[in-house]
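Here are some notes to read beside the sequence and the model. Please keep both in view while you go through the points.

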Amino acid sequence: MPNAESRLDVQERRRYAVHALARTMATLTSKIPQSSRPAIISLIIGAIQRLLLILQDYSLLCVDTVAKAFTPPLYFADTLQQMDLIGVGSLPMILLTGFFIGSVMVLNTASQFQRFGAVSLTGEVVALGLVRELGPVIAGLLVTGRNGSAIASELGSMVVTEQVDAMRALGTDPVRKLVVPRVLATLIVLPLLTAIADLIGLFGAFIVSRFTLAQTASQFWNQAIQSLALGDLIQGTIKPVIFALIISTIGCFYGLRTHGGTQGVGRSTISAVVVASITVIVVDVFLSKLLLFYFAS
Amino acid sequence: MSVTTTNKAVPGEPLIRFENVSIRFGDSEVLRNVSFQAEAGETKVILGESGSGKTVLLKLAAGLLRPNSGRVMIMGHDLVDMKEVDLLDFRRHIGFVFQEGALFDSLSVAENVSFRLREESASLQEIESRVRQSLRFVEMEQSYDKFPAELSGGMRRRVSIARALIDQPPIVYYDSPTAGLDPVTSQTIITLILRLRDLNGVTSLLATHRVQDAFGLANFVFEPKSGRVLPVWEDANGRHFALTKVLVIRNAEVYFQGETTELLKSEDPYLRQFLE
Ligand SMILES: Nc1ncnc2c1ncn2[C@@H]1O[C@H](COP(=O)(O)OP(=O)(O)OP(=O)(O)O)[C@@H](O)[C@H]1O
Ligand SMILES: [Mg+2]
């Protein structure tokens, strides 16, 4: 009779291709005999194994979350509560930051444009920069700092105080009750926050160009709006959707794998913020390349 | 999706049965070849020092952890083979009182106690009346609207017990219910557990590092008619003995299994150390 561990593995492997792949790679690296590798190689192999295992667990959580987001029961009230927490709660921060980012963009570009006598281009440059790039990234990073960390630390404390186990003991699936509402809420709210950041950023830019470049409202807004093609708007909407998935799933992932008491909660929170921020920025590069390729104006 | 089980035990089949259960975390083996069983109506006291694996054992018994090998049979079902969805459903037969209570701190006492009922979308009146009944049982009705942060350690345990018994599960696990409490409060909690055992006939596993808990449970019964806790030998209907057994865990293995009387008589130096 196979033992419990291998029986479980078979079940899981059948269900998730990702799991199988990561597991096989981890086993393969461990097949190299211990004696024939220098210490540094062992260290590297160990690190790669750990990374693969983390990636495997993360993909499993994502697959699980998607599966559970499309099947009942869906915790509607919890999702609304999270939307309020993430969306309404982040609004002041997004408004302030968006406004000043827009303003500073004009301040930085104004002198160059004045040199080339192309002041009228200000609106266009600011609009493109904000909608395509800065709006999504700034909103993404701000929400990572505020809500990615909150998600990780809240779930983390629930894990270390056995509240997550208590939930399972009471017959409720923590992925459905805790993860899905947070992912859905972020998914709905971040694109909206990004749009608000874009708008308020443009407004900040307008105020500055009104007073430093003496541009009229019609000059600025005509330029800004006409420069935006459909592709730019699509790019500006797809990015926050992807960022929302990254931020919320990474926050939940690190929160749920917390161990080691309150110190562990701190560690999880740090990991969630660092990993999510870096992932947002790296993914942004590839996403920009991809989307510019498809929607080149 | 639902697992069809009855609350009745299969005759001859113990309600809880561990068969050569082993579990390790990384390199450290926490339990090795643990086997024991508990009959219907029995209270099994799991005695062990801090870090001996009591919590891990209870979590295995609820399917919250999976063993590396062995079988965990609860009411004739092997939890090791069950999928998590089915386990979630199966756990309605099990009440779990966690070590520090594990109350949801974002929810009020009433919301904590009614958690399971609300998940099953019971009607509001039913929820309210059952929550009050459950809280009255643990003498915490006055805290209906409070939040866990406003409660003392002993009160939190009692609310946690109320939450575990709301659906009247036939099996209840208590994880160190008296740890960190003063003797008087500990006694209140033990009396509560006695009442639950003798009124509802629940089968339970109780993890503790205090041998007094084992004697408290073995030597006293709750008499529903008079509503009092009586020593077993004073019962009018002859010897109304409490079905309480002890299991001592040491170095990841079962070190001793038997009645409290055997434990008392034991000459073993390690067990004597527990008794002193
Ligand atoms: N999730 C886990 N990951 C790694 N190790 C664990 C985990 N859970 C428990 N352990 C280890 O298993 C051992 C037993 O832990 P357990 O919590 O069961 O002890 P205990 O008997 O309940 O102790 P206490 O009386 O202090 O509550 C400990 O050494 C602990 O470090
Ligand atoms: Mg414990």
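1. Helices (H or I, at least four residues) and strands (E, at least two) are DSSP runs, numbered from the N terminus. On that basis chain A holds ten helices and zero strands, and its pattern along the sequence reads α-α-α-α-α-α-α-α-α-α. Buried here means under 20% relative accessible area, exposed over 50% and partly exposed in between (1.4 Å probe, protein chains only), and 44% of the 297 residues of chain A count as buried.

2. This is a predicted model, in which local features need pLDDT of at least 70 and side-chain atom pairs count only at pLDDT 80 or more, while totals for chains, interfaces and linings use all residues. Residues are numbered from 1 along each chain as its sequence is written, chains are lettered from A and ligands numbered from 1 in the order in which they are written, and side-chain values use heavy atoms, with hydrogens and water left out.

3. A nonpolar core is a set of buried Ala, Val, Leu, Ile, Met, Phe, Trp, Tyr and Cys residues joined through side-chain atoms within 4.5 Å. The largest one has 77 residues, and those with the most contacts inside it are B:Ile16, B:Phe18, B:Leu31, B:Leu57, B:Ile74 and B:Tyr173. Helix 7 of chain A gives this core its largest share, ten residues. Domain 1 (54-97 + 174-244) and domain 2 (104-168) of chain B each contribute at least three residues to this core, the domain bounds coming from an automatic or database domain assignment.

4. A:Cys252 counts as buried, at 0% relative accessibility.

5. Some backbone details deserve a look. The peptide bond from A:Pro72 to A:Pro73 is cis, with omega near 0°, and A:Pro73 lies in the loop between helix 3 (39-69) and helix 4 of chain A. B:Ala102, which is not a glycine, has a positive phi near 50°; B:Ala102 sits in the loop between strand 6 (94-97) and helix 3 (109-113) of chain B and is buried, with a relative accessible area of 4%. B:Ala252 also has a positive phi, of about 70°, in the loop between strand 11 (244-250) and strand 12 (253-259) of chain B, and is buried at 7%.
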